[in-house]
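Q: Could you walk me through this structure, starting with its sheets and then moving on to its helices?

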Amino acid sequence: MHIIRCDNVRIDELDKNFSVKNIDERPDTEWYDSCSEPFEIFGLMKPSGNEGFRRMPIETARSVSDGVMNLSRNTAGGRVRFATDSPYIAICVLLDEVCRLPHMAATGVRGFDLYVNYYGRDVFVASFQPDINITDGYSAYIDVSSELGNGLREYTINFPLYNGVKNLAIGVKRGSRVTYGKKYETLEPIVYYGSSITQGACATRPGLCYESIISRRFEVDYINLGFSGNAKGEPQMAEYIAGLPMSLFVCDYDYNAETKADLEKTHYNFYKIFRKTKPKTPYVMISRPNIFGLWSDCNERKSIIEKSYDKAKERGDKNVYFIDGAELFAGVNSDDCTVDGCHPNDMGFYRMARVIGNRLEKIISEERNHK
């Protein structure tokens, strides 16, 4: 086990909460391939050949850009669901690389976290913490409190936000029952497209990106197509997204349009391409978060997106919506909602999930009533 040191002091000896649980402590573990039944993968394509998990087909991603092709290996938005009566849950993961970011916690970049359904609500249990010095993968386990009961419990494991995953095995105590997990109430997912913020930077763990919070609130599936620095509103991406099954679409790539001219050139055109295939699917346009609400560049960009929204309404579209980015962090201490002035911290993502979720609530309700 890796020893955490600070000035030659073993921190894990001073505080056991900093120690990484070694799977060798659980020799009675029985392992399952996360891609086999009864485990169900959401938000990702299953590995094929030498390829690990992906968020979109490699050839389609390559046709958009090299950046999208590479980032589509990041497993943001991926989940596996199942049920078991095991007293602990273990994972053994092989990464395709070890991504390290200076402003983001390892538990968010390459960690997994565990949720259990408790009285009808998915609640956080703990994170599978990656060792600091890993080179290609790691194993970890989480003990499940007996206070949750001794019968079958339904679990969701969220995949890393900024790392690629070649394969994932899930371990339970030998002899435990394993079966299918909870079904999402909405069968068709919400699809999100956007920047690094959409991808999940800089949530401290995967379950705290805004899409995941919204998913738990409404028990709705989702697909995260956030491409850090590379969501530029390309026509190929619009065509690909329009072909996906979905209950609604959220378009949030303002930050990655390099200039206002680029945003104006692509934004309404992206909408038009989408509408050719999906004429009635709810379409939500979001402008970039604006901490102070006064920055001229943010407001000028917001005007461009509002113009797209107005043009869509003028053509008679009753299923298009606009969310002002200035509302996303609004309230007391709005300036404390980011890590670096751009990427949300956990408080920032919570506020984004609240604002966006409140706007989506009526849309989701109407979609369910039409099923």
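**Sheets and helices**

A: Four bridges join strand S16 (residues 283-286) to S17, and the two strands run parallel; strands here are DSSP runs of type E with at least two residues, helices are H or I runs of at least four, both numbered from the N terminus, and two strands pair if DSSP finds at least two bridges between them. This is a predicted model, in which local features need pLDDT of at least 70 and side-chain atom pairs count only at pLDDT 80 or more, whereas totals for chains, interfaces and linings use all residues. Residues are numbered from 1 along each chain as its sequence is written, and side-chain values use heavy atoms, with hydrogens and water left out.

Q: Which residue stands opposite Met285 in S17?
A: That residue is Phe322.

Q: Okay, and what is the order of the five strands in the open sheet with parallel pairing?
A: The order is S14-S13-S15-S16-S17. Strand S14 (220-226) and strand S17 (320-323) are at the edges and have a single partner strand each, so one side of each is left without a neighbour in the sheet. On average, neighbouring strands of this sheet are turned by 20° against each other, direction ignored; such angles run from 0 to 180 degrees between N-to-C directions, and the axes are lines fitted to C-alpha atoms, for helices over the stretch in contact.

Q: Which strands does H7 lie across?
A: H7 lies across strand S13 (186-194), S14 and S15, and it runs at about 170° to S13; contact here means heavy atoms within 4.5 Å. Helix H9 (residues 296-314) lies across S16 and S17, running at about 160° to S17.

Q: Now the helices: at what angle do H7 and H8 pack?
A: Helix H7 (residues 235-242) and helix H8 (residues 260-277) pack at about 30°, and their axes are 8 Å apart. That makes H7 roughly parallel to H8, because angles under 35 degrees count as roughly parallel, over 145 as roughly antiparallel, 65 to 115 as roughly perpendicular and the rest as oblique. H7 passes H8 in a right-handed crossing, a crossing being right-handed if the near helix is turned clockwise from the far one by less than a right angle, and left-handed if anticlockwise.

Q: Which residues of H7 and H8 meet?
A: From H7 they are Pro235, Met237, Ala238, Glu239, Ile241 and Ala242, and these meet Asn269, Phe270, Ile273, Phe274 and Thr277 in H8. By class, the contact of H7 with H8 has eight nonpolar, two polar and one charged residues, where Ala, Val, Leu, Ile, Met, Phe, Trp, Tyr, Cys and Pro count as nonpolar, Asp, Glu, Lys and Arg as charged, and the others, Gly among them, as polar.

Q: And how do H8 and H9 pack, parallel or oblique?
A: H8 and H9 have an angle of about 25° and axes 10 Å apart, and they are therefore roughly parallel to each other. H8 passes H9 in a right-handed crossing.

Q: What about H6 and H10?
A: Helix H6 (residues 210-218) and helix H10 (residues 346-370) pack at about 45°, with axes 9 Å apart, and are therefore oblique to each other. H6 passes H10 in a right-handed crossing as well.

Q: Changing topic, how many aromatic pairs are there?
A: The count comes to 22 aromatic pairs, where rings of Phe, Tyr and Trp (its six-membered ring) pair if their centres lie within 6.5 Å, and planes under 30 degrees apart count as stacked, over 60 as edge-to-face and the rest as tilted. For Phe249 and Phe270, the ring centres are 6.2 Å apart and the planes are at 15°, so the pair is stacked. Phe249 lies in strand S15 (residues 248-252) and Phe270 in helix H8, so the pair ties together parts that are 21 residues apart in sequence.

Q: Which strands form the open sheet with antiparallel pairing?
A: Four strands form that sheet, in the order S3-S11-S6-S9. Strand S3 (29-33) and strand S9 (137-143) are at the edges, each with a single partner strand, so one side of each is left without a neighbour in the sheet. The twist averages 25° from one strand to the next.

Q: How many bridges pair S6 and S9?
A: Strand S6 (residues 88-95) and S9 pair over seven bridges in the antiparallel sense, and Ile89 stands opposite Ile142 in S9.
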